[in-house]
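Please keep the sequence and the structure in view while reading.

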Amino acid sequence: MVWHRISSFILRHRLALVAVVLIGTAFMGYQASHVKLSYELAKILPVSDTEYKRYETFKSRFGQDGSVMVLGIESDSMYQLDFFNDWYALSQRINAIEGIRDVVANANLYDIVRDDTARKFRIVPLVPRPLSAQSSVDSLRDRIARLPFYRGLVQDSSGRAHLMAVTFDQKLINTKSRIATVRRVAAMADSFGTQHRLTVHKSGMPYIRTEFSAKVSQELTLFMVLAFVVTALILVYFFRSLTVMIAAALVVGIGVIWVTGYIVLFGYDITILTGLLPPLIIVIGIPNVIFLLNRYHEELNRGHQKDDALRIAIEKVGETTFFANVTTSIGFFVFYFTASPLLLQFGLVAAFGIMTTYAVSLILIPIIFSYLPAPSPKQRGHLDRRRVTSFLGWVDRLVRTRRTAIYGFIAVVTAVSIFFTLRINAIGYVVDDLPANDPIYADLKWIESRFKGVMPFEVSIDTKRPGRVLTPQTLSKIRLLEREFSQYSEFTRPLSLAEAVKFFYQAYRGGDPKYYALPGALELGQLASYAPQLKGSESRFKGYLDSTRRYTRVSFQMPDVGTVRTTELLSRLQPKVDSIFNIDRETGQRVAADEQYDVSITGNSVVFTRGNDYLLKNLAESTMLAILLVSVILIILLRDIRLSLIAILPSVVPLIVTAGIMGFFDIHLKPSTILIFSIAFGISSDGTIYFITKYRDELRNGKHSLTQAVSETIRYTGLSMFYTAIILFAGFAIFTASTFQGTIALGILVSITLLMGMASNLILLPAFLLTVDKRRKATVPSQS
């Protein structure tokens, strides 16, 4: 028998196996020392996705759209001399920081002046130096009011809220250096706020991403400590042994090193998901220790010597925990097939980490205890703990005598859960994982209430021909596009070449605000005669015009309105945008192919929404795939297709109830909560495997009837399942200490699901087994 040979091999080659584990751990520890945080946006969409490709093309052409950090204040003192000069000084200090490309604020604006002598435009700063008199500040205020280009960009309609936009260098935005730069900007802003006794609100994608990364790093350490402490305390309580606790900590500690090493070996970084893996390995790895030690103690109670007891424990529990860990790995590994880089990395590393931790526990736990004295009967007393034994006895009686009531109760609970499941909303927000009182969330909402938002929403335009962007036809179409967007309250005023041309035309006509408009074809030609002489203007337009003048963009900002509303906006605007550029307004017909434009809506908000939708679409597929693969394992174990399909139900019911809980409490389906189902099913099905393998083992002995086999399984396996459920419940509950709402929901819902899974596997599964086999003979035929 394979597992008999494995158990003998482990105990015969103890030192060699320990050496292999330690050498491998040392190597993986070296790899783990090089692990680093990811500083890029989470890659949810697969690289083959059309929307992902479009966004990557957009970024390669124009740069990262989410590269602006904003600072907002609310004050009536802005245009008082001292206050304004301090605001000016702040903008200058920030602009001097390495990695900052530009700062836009009312103390750092530019005007355009027509120079007829040189036949060119001059771009001049409105505030070249600190102002020296209040009259100069008043004059500046009036001058800004006459520049419609800046309207709504640096000051809200009330005149009390003011914004400073800090643009980061593209080379910095996805690197670790961004963190230090963001922190320097934030520190300068806070210093200004302290000086003037006001709050400086900080937001924008660089700031949000930096703070998210910092929280992930902090919580990784927090969860690691909590997972070790919680599981250690529970083990000491259950086993009354520091030796057991230390041995278990050693095993899962090695598992953590290996899983972190895998992250590096596979070329991945720590993300909000892979950051959860080390504490997950601790929680998931402990049940292996519990089942091995419980069986070891059980065999000692039956009179076996220490070495024989360890050999039997390896042989019997090794097979059970192997299949159990395979099912757990399946719950994670199915994410590999989503092709989403974020989930693929999480699922692949988790699957390898879980199976490695299993192998380490199977090797080290028997070897460690083979060198220790056999535990005394008192130390094995946890097997006969009165309360747990009484509970398992009650379960046994319930299963044997009240199966109809069990089925009725499950039917009612399932029906109610399905009803509430239908009420689940699938919606995600960029920062909805943060509580309302978190400064990041509060500052974002303040910015949105005064300036609409900071989430990028881009329109990418390919005119199909070089030099076509600055033609009257294209500029007119861009103006129509902007008018269409202005009908939706979510969008800020746009930034585009059309707006820049309006600004230049206003300067060309002497600065009168009424000329902030697109010029006619003739005047556009006259305007263009000044354009080539614009010194330094090329860099200013680089983000909106490529060198061939074929491509351009129109940039909007919007609130974090959620994926549902963003999808509505996309479905309404994309056809209208296409109509503006490719439908002849007079004939209503599509223009000839050589006159068409390729116009698409993209940007950070769009990609986030598409990614959320993509994950939702794959939720059912990944969960069904997990169920299918676990069913195959059960068929292999039971060699009975009908019984295997029935045995899978106790692990499915908790998922339905969990979905019902989500619907009842209005917990949204989003990237962070989508993980719950596959993970919970993979772990919950462990209980099914534990029960089924022990049940099959009892039947193989040929000494028990089916009813007796079920009772013995409940008695012996139920204890380990109970311990495991408590460990898993408490282990996942540690995630409620997170500041991310999605992680909290993950912890609570998985904990609840696993408790329900234990109850279902201890009550519903044996009830099914007795019902299915009630017409069979009292004893199992010999081929069983």
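## Helices on the sheet

Helix H7 (residues 205-239) lies across S1, S5 and S6, and runs at about 100 degrees to S1. Helices (H or I, at least four residues) and strands (E, at least two) are DSSP runs numbered from the N terminus. Angles run from 0 to 180 degrees between N-to-C directions, with axes fitted as lines to C-alpha atoms, for helices over the stretch in contact.

The model is predicted: local features need pLDDT of at least 70 and side-chain atom pairs pLDDT 80 or more, while totals for chains, interfaces and linings use all residues. Residues are numbered from 1 along each chain as its sequence is written, and side-chain values use heavy atoms, leaving out hydrogens and water.

## The sheet

An open sheet is formed by 4 strands in the order S2-S5-S1-S6, with antiparallel pairing; two strands pair if DSSP finds at least two bridges between them. Strands S2 (100-104) and S6 (201-203) are at the edges with a single partner strand each, so one side of each has no neighbour in the sheet. From one strand to the next, the twist averages 20 degrees.

S2 is joined to S5 (residues 161-168) by 4 bridges. Asp 102 is opposite Thr 167 in S5.

## Thr 320

Thr 320 is in helix H10 (residues 306-333). Its relative accessible area is 10%, so Thr 320 is buried (under 20%; exposed is over 50%, partly exposed in between; 1.4 Å probe, protein chains only). Leaving out residues up to four places away in sequence, Thr 320 touches Ile 689, Tyr 690 and Thr 693, where contact means heavy atoms within 4.5 Å.
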